[in-house]
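Subject: A structure for you to look at

Hi,

Here is the structure I promised to pass on. Have a look at it first, and then read on for what turned up.

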Amino acid sequence: MGSAGLPLMLLLLVGALAQIPGSEGRKETPAHFLVQWKSECHFFNGTQRVRLLDWYIYDRQEIDYFDSDLRKYVAVTPLGQPDVDKWSNDKVFMQIKRAEVDSFCRHNYGVLQGISVVGRRAKPTVSISPTKLDPTSPNTILLCIARGFYPLEIEVRWLKNGRPEEEGVAFGEELQNGDWTYQLQVMLETQPQRGDVYACQVEHASLEAPIIVQWEPRSSNSAKSKLWTGIVAAVIGVIFFAMGLSLYLKSKNAIPIQPPAALMN
């Protein structure tokens, strides 16, 4: 799967500006300021690949950071340069810092795996909801909704008659449900024809096989009404035709009544 960021520590310090390296020489010293240190571990495919990022932020501005992929500190502003020079020249400190990928990130991953959502899997439920934004338009909006899945990474695609459909597709943002699960909506705007089969295919780490939900266009209510009206009219027409034919045959096969003999003489 992709990258999963796990914020593990946020340290806030409040003190005198003179305590910040590189701050000497400033004429105006604020009474209060904010220093933030943020450490973040990124895990790729479990702990197969791990990246450690440390940010140092002074009054909402990042001044320097450590990147385990680069194996060094990088100054972002001149204020952070003295720190970077000092730390980079300390070989023992840098050796300890580079080892934190294992001692900090991988260690805490193992600790948290048993007590948190690390390694947790929740299967999505998938549904399709059709709608028409404009009753006069031939276009139909198909909404594929995947609910209740974890982790975040998920792949949703539309298929039309078994083939991937990319035109008219729009992806929404993953939304948190508040219970460590997510939901995602993927829209398809199309002109369905009778006989077409649409499908929403969802792939996720919690699934052994993709979930595929199908949808087929059906006749509208007006079309159904016209169809039933035509059927009823045809049945009535057949009934009247049968009655007329029956009366005609009866009149043709009727025996003529002979007048009395007295009248004939």
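K97 and D54 form a salt bridge, with their closest N and O atoms 2.1 Å apart (a salt bridge being a side-chain nitrogen of Lys or Arg within 4 Å of a carboxyl oxygen of Asp or Glu). K97 lies in helix α2 (residues 91-98) and D54 in strand β3, so this pair ties together parts that are 43 residues apart in sequence. Helices (H or I, at least four residues) and strands (E, at least two) are DSSP runs, numbered from the N terminus. K97 is buried, with a relative accessible area of 4%, and D54 is buried too, at 0% relative accessibility. Here buried means under 20% relative accessible area, exposed over 50%, and partly exposed in between, using a 1.4 Å probe and protein chains only.

Before you go further, please note that this is a predicted model, in which local features need pLDDT of at least 70 and side-chain atom pairs count only at pLDDT 80 or more, while totals for chains, interfaces and linings use all residues. Residues are numbered from 1 along each chain as its sequence is written, and side-chain values use heavy atoms, with hydrogens and water left out.

How confident is the predictor? The average pLDDT (the predictor's confidence in each residue, from 0 to 100) is 79 for the protein, and 69% of the residues score at least 70. Over residues 1-27 the pLDDT is below 50, and in the model this stretch has 65 contacts beyond near neighbours in sequence; contact means heavy atoms within 4.5 Å.

Back to the charged pairs. Side chains of opposite charge can pair when their charged atoms come close. The whole structure holds eight salt bridges. In one of them, the side chains of D69 and R49 meet at 3.0 Å, N to O. D69 lies in the loop between β4 and β5 (72-75) and R49 in strand β3, so the two tie together parts that are 20 residues apart in sequence. D69 counts as partly exposed, at 37% relative accessibility, and so does R49, at 42%.

Another salt bridge pairs D67 with R51, where the closest N and O atoms are 2.6 Å apart. This pair links distant parts of the chain, with D67 in strand β4 and R51 in strand β3, 16 residues apart. R51 is partly exposed at 27% relative accessibility, whereas D67 is buried at 4%. Salt bridges that share partners join R49, R51, D67 and D69 into one network.

A polar atom of the D67 side chain lies 2.9 Å from the backbone nitrogen of D69. Leaving aside neighbours within four places in sequence, D67 is in contact with R51, L52, L53 and K72.

Now for the strands around these residues. Strand β3 (residues 49-58) is mostly covered, with seven of its ten residues buried. Strands β2 and β3 run antiparallel and are joined by ten bridges; two strands pair if DSSP finds at least two bridges between them. E40 stands opposite L53 in β3. The hairpin of β2 and β3 has four residues between the strands, and N45 there takes a positive phi near 55°. On to β4: six bridges join β3 to β4, again antiparallel, and Y56 stands opposite D64 in β4. In that hairpin, which has two residues between the strands, D59 takes a positive phi near 50°.

Finally, the cysteines. A search of the whole structure finds two disulfides, a disulfide being a pair of cysteine sulfur atoms within 2.5 Å. One joins C41 to C105, with S to S at 2.0 Å. C41 is in strand β2 (residues 35-44) and C105 in helix α3 (residues 100-113), 64 residues apart, and both cysteines are buried.

The other disulfide joins C144 to C200, with S to S at 1.8 Å. C144 lies in strand β7 (residues 140-149) and C200 in strand β13 (residues 198-204), so the pair ties together parts that are 56 residues apart in sequence. C144 is buried at 1% relative accessibility, and C200 is buried at 0%. The link of C41 and C105 is left-handed, with -75° about the S-S bond, and the link of C144 and C200 is left-handed with -75° as well.

Enjoy exploring!

Best wishes

Notes:
A polar contact is a pair of N or O atoms within 3.5 Å; within protein, one must be able to donate a hydrogen and the other to accept it, and residues adjacent in sequence count only if both atoms are side-chain atoms.
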